[in-house]
Amino acid sequence: MDSTNPAIDVDLLKKHLVEVSDHESELTDRVYESLFARRPDAVELFGTYSRANQQRMITETLTAVLHMLDQEHWLGEYVHAMASRHQFSYETPTDMYPPYAEAMLEALAAVTGSDWTLELERSWKAALDRVNEMMTAGYIPTSH
Ligand code: HEM
């Protein structure tokens, strides 16, 4: 796990993360609206009263990005535990992760408005792809 990916501008993302944290509720609404439009079959994975967990999922994704930028070495293990809950408790298939990253990107651009830049787009995409990779790497291969 590292943030040495040249596509990621660490300082830019850290500054933007602070701004984004003021809009987490709107961000959450937008991410799930966009995710469910892309993957209607994801709706049924979420419980009827799971707003708190949905909000937590967004917060944890942003936090994972931040810890990744800070090269926190315990992050891999922490993410693997979350991945295991996704695989076995929520039955989230790995092919739902790319549309989730796309939905996050779209929502981040929307809450940022005219301040959104190509550099932000590129850095966020690389960071979210990396967190997704960490999540799916935590899936245990199963034979059917
Ligand atoms: C970066 C990727 C992701 C992260 C960091 C993440 C994180 C979380 C967290 C922290 C929770 C709260 C409960 C818990 O801690 O176990 C959660 C719940 C959940 N996540 Fe994710 N998640 C990710 C991607 C996804 C994707 C792609 C899907 C499927 C579309 C998904 C489906 C769910 C479901 C179904 C729940 C349970 C919600 C409920 O209680 O109804 N997650 N996620």
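How are H1 and H3 oriented to each other, roughly parallel or roughly antiparallel? The legends below take up this point and others in a predicted model.

**View 1. The crossing of helix H1 with helix H3 in the predicted model.** The axis of helix H1, which spans residues 10–20, and the axis of H3 come within 11 Å of each other and cross at roughly 150°. Because angles over 145 degrees count as roughly antiparallel, H1 and H3 are therefore roughly antiparallel to each other. The crossing in which H1 passes H3 is left-handed.

**View 2. The residues through which H1 and H3 touch.** On the side of H1 the contact is made by Val-10, Leu-13, Lys-14, Leu-17 and Val-20, while H3 contributes Leu-62, Val-65, Leu-66 and Leu-69. Sorted by class, the residues of this contact comprise eight nonpolar and one charged, with no polar residue among them.

**View 3. The shell around the ligand.** The ligand has 22 residues around it, of which Gly-47, Ser-50, Met-57, Tyr-90 and Tyr-100 come nearest. Two or more residues of the shell are given by each of helix H3 (51–69), helix H4 (75–88), helix H5 (97–112) and helix H6 (118–137). The largest share, six residues, comes from H3. By class, the shell is made up of 12 nonpolar, seven polar and three charged residues.

View 4. Confidence is lowest in H3, where the mean is 95, and highest in H5, where it is 98.

How values were computed. Residues numbered from 1 in each chain as written. Predicted model: local features only at pLDDT ≥ 70, side-chain atom pairs only at ≥ 80, totals over all residues. Near = placed C-beta within 6 Å. Helix = DSSP H or I, 4+ residues; strand = E, 2+ residues; numbered from the N terminus. Nonpolar A, V, L, I, M, F, W, Y, C, P; charged D, E, K, R; others polar. Axes fitted to C-alpha atoms, helices over the stretch in contact; angles between N-to-C directions. Parallel < 35°, antiparallel > 145°, perpendicular 65-115°, else oblique. Left-handed = near helix turned anticlockwise from the far one by under 90°. Contact = placed C-beta atoms within 7 Å. pLDDT = per-residue confidence, 0-100.
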